[in-house]
Amino acid sequence: MSIDKTITDAMFGTFRNMTQECKDKGLSGENFDKMVETLRRMEQLGEEMDDINAFNAALVEEDLMNKFSQYYGALLSSSAKKEAEKETEKGYDDEKLMARTLKAYEDTVKSLKEQEEKAFAEAKGDITRLLKASNNIIPAIQKVIDLGKSGISYPVFLKKLIEEGLDKALEGQTALRDAIVFEIEINKDFSIPPIIEMHEERLKAFDELAEKSPFNIPEAFEFSLKDKEIYHKHRPKIIKWKAIRQGWEKIFELLYDWLDSFCKFAPRDKRWRTPGASESRVQKNIRRTKGCNPGFLKERERIFNENFGMNWDDIFTHETFKFQYDSYFFPYSDNRFQLIKDTYEYCKPPGKNNDVEPPPEELIKKAEKLYEENQCINPNIEKAKSRIQEKLNKYYGK
């Protein structure tokens, strides 16, 4: 199995176009070889893995997208210097050198923007794909162009590239800081505290290393080492937080489905009416939920307690639940969630006669009413999507 090709094409399309652009320009050398090698590694992970979350984690852990941008920026910078050297050998012409250098950068920006717009269009509003479609080296290249057009001479231009750290910006370091700030801001709306804390520590480390640098830009390799250290430091807490949340989410889901399986709308609900299912299959699916969910629930609780030392009542005081409940992404409306809690005491495995006692009729009627009135889902979820879209629009335009 491998990651869906439509996903990998959307993620890697920009990198493939950048590589092809360099080939078309006849660029070569160590940085180009590393670009190609990094792209091949990203594609290899996409072919070898089938879990999208694990795939994304591997890309982050190996820092592949950032490395590609660094090699690409270094290749552009090196190419511009070689062109300047050739012109110098032919006879020095300050204006011609500046014009040639700026045209190369402007052509690159134009090409990158076209690739970015294409990737945004292919993302079709999907938030994860939109985030991955952005190319954060464009602002760094634009700063170089603006400097070159400020009226300074070519030698001063080259001098200021180094003094202002713009050569490092082309290697991706300045763009990297902007990317970390973006990660913090966007994650505040839809991620968990340990992930936000990790990015905040990354930003702090970046700025501390920048203060020690002559040009306020951290050395790429040094920050890369620190970045990996921070990632591995926070990873266990992130994994534990997600595992606890997924544990109680599954408990709630079992109770939610069990109560609904006794409702009159159950035979037409997609949870039991799977595509192409006959009426007998639908009824069998409903009977399975009625009969099996109480046992599944008790086993889930046992595993949850074994792993985290938590029982039913502990869920509601735990930081993972309180954070999620207060967020816009808690899936249930208040009334529907109260029904889930009220159902808990009645959802018990079969007794001696192997019969499951149904929930009280009062709970069933309440569930039916909320379902028919479309009041089961937290209305804030749509607000959360709008807030995230606003931030994406702020960074990338509509």
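This is a predicted model: local features need pLDDT of at least 70, side-chain atom pairs count only at pLDDT 80 or more; totals for chains, interfaces and linings use all residues.

The chain contains 18 helices and zero strands. Of its 398 residues, 43% count as buried. The exposed surface comes to about 21900 Å², and carbon and sulfur atoms supply 50% of that area.

Let us take the first pair. Helix 12, residues 220-260, and helix 15, residues 319-326, have axes that come within 9 Å and cross at roughly 70°. Angles of 65 to 115 degrees count as roughly perpendicular, so helix 12 is roughly perpendicular to helix 15. Their crossing is right-handed. Helix 12 brings Trp241, Ile244, Arg245, Trp248 and Phe252 to the contact, while helix 15 brings Glu319, Thr320, Phe321, Phe323 and Gln324. By class, these residues divide into six nonpolar, two polar and two charged.

I now move to the second pair. Helix 16, residues 334-343, packs against helix 17, residues 361-372, at an angle of about 155°, with the axes 11 Å apart. Since an angle over 145 degrees counts as roughly antiparallel, helix 16 and helix 17 are therefore described as roughly antiparallel to each other. This crossing is left-handed. On the helix 16 side, Asn335, Arg336, Leu339, Asp342 and Thr343 take part, and they meet Leu363, Lys366, Ala367 and Leu370 of helix 17. This contact has four nonpolar, two polar and three charged residues.

Thank you for your attention.

Methods:
Residues are numbered from 1 along each chain as its sequence is written. Side-chain values use heavy atoms; hydrogens and water are left out. Axes are lines fitted to C-alpha atoms, for helices over the stretch in contact, and angles run from 0 to 180 degrees between N-to-C directions. Helices (H or I, at least four residues) and strands (E, at least two) are DSSP runs, numbered from the N terminus. Angles under 35 degrees count as roughly parallel, over 145 as roughly antiparallel, 65 to 115 as roughly perpendicular and the rest as oblique. A crossing is left-handed if the near helix is turned anticlockwise from the far one by less than a right angle, and right-handed if clockwise. Contact means heavy atoms within 4.5 Å. Ala, Val, Leu, Ile, Met, Phe, Trp, Tyr, Cys and Pro count as nonpolar, Asp, Glu, Lys and Arg as charged, and the others, Gly among them, as polar. Buried means under 20% relative accessible area, exposed over 50%, partly exposed in between (1.4 Å probe, protein chains only). Accessible areas come from the Shrake-Rupley method with a 1.4 Å probe; for residues, only the protein chains shown count as cover.
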